[in-house]
Amino acid sequence: KTHTMEVKDNPPENKGIMPRAFEAVFKAIGGDPNKQYLVRASYLEIYTEEIRDLLSKNPKNKLEIKEKPDTGVYVKDLSSFVVKDVNEINQVMLTGRRNRTTAETNMNDKSSRSHSIFTLTIETAQVGEDLKSHIRVGKLNMVDLAGSERLSKTGATGVRQIEATQINLSLSTLCLVNATLTDPKGSVYVPYRNSKLTRLLQDSLGGNTKTVMIANIGPADYNYDCLLYTSDAADEGLGVDLGGRRLIKK
């Protein structure tokens, strides 16, 4: 999953989703001389239900989720950097990657022990027919989820076991939110608040957005049960109504 999202190049055709998105954004805004753009980047991880700023000088500090009536859910004191080109934003990504929590398990020598969210906020200013400046704001969340774990396979104990338990709980909440959103009975209560992950991604999961989910699976029969779990979770998300659109699944 991290390879799919973050790999920078070497060779260039193996670039991940994030660097490809960076290039697409700056190519799009660079070709419009009639508008002014401001691009800001932030990068956080959710580690054992604690939110950490991957771009901070103290990336282990715990941050809090807040909410405003006009802008919605946000993370208090989260760093945000203005980036002017692809090179600058790639450096931001690499800085955050170095601070992300990873560890060795029986399944992976560099296993992600947290979920990460890289957010691009793009502000556009344009003079309208009334000769006044109008500002529009858009947001792109790029999420790298830690994988669900079977303790019998990973051999996780101690701190690694606590991490695995929290990862599994948050992924279960994500599936529960998707199930609630696709419930034909139309449940009034959606349990976004049961997990920091779903709380932060509330707009992406149930708002007026476009969302793509990439499900990573492998051919090994040893992991057949994980393949089924991942496929079911992705299939469930396919039915979520996003402001008149359906979740795109690969």
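Reader: How many nonpolar, polar and charged residues make up the lining of the second largest pocket?

Author: A pocket is found on a 1 Å grid over the protein atoms alone, as an open set of points where a 1.4 Å probe fits, with protein on both sides within 12 Å along at least five of seven lines, and its lining residues have an atom within 4 Å of a point. Ala, Val, Leu, Ile, Met, Phe, Trp, Tyr, Cys and Pro count as nonpolar, Asp, Glu, Lys and Arg as charged, and the others, Gly among them, as polar. Here the lining of the second largest pocket divides into 10 nonpolar, 8 polar and 6 charged residues. This is a predicted model, in which local features need pLDDT of at least 70 and side-chain atom pairs count only at pLDDT 80 or more, while totals for chains, interfaces and linings use all residues. Residues are numbered from 1 along each chain as its sequence is written, and side-chain values use heavy atoms, with hydrogens and water left out.

Reader: How much space lies in the second largest pocket, and which element gives the largest share of its lining?

Author: A volume is the space filled by probe spheres set on grid points joined across faces, edges and corners, and for the second largest pocket that space is about 670 Å³. Of its 24 lining residues, the closest to the centre are Val-73, Tyr-74, Thr-119, Thr-121 and Lys-139. Helices (H or I, at least four residues) and strands (E, at least two) are DSSP runs numbered from the N terminus; the largest share, 4 residues, comes from E1.

Reader: What lines the largest cavity?

Author: A cavity is a set of points where the probe fits but cannot get out. The largest cavity holds about 60 Å³ of space, and its lining includes Ile-46, Tyr-47, Arg-113 and Glu-163. Helix H5 (159-181) and E1 each give two or more residues, with the largest share, 4 residues, from H5.

Reader: At what angle do helices H2 and H3 pack?

Author: Axes are lines fitted to C-alpha atoms, for helices over the stretch in contact, and angles run from 0 to 180 degrees between N-to-C directions. Helix H2 (residues 17-30) and helix H3 (residues 86-99) pack at about 150°, with axes 10 Å apart. Angles over 145 degrees count as roughly antiparallel, and H2 and H3 are therefore roughly antiparallel to each other.

Definitions and conventions: Angles under 35 degrees count as roughly parallel, over 145 as roughly antiparallel, 65 to 115 as roughly perpendicular and the rest as oblique.
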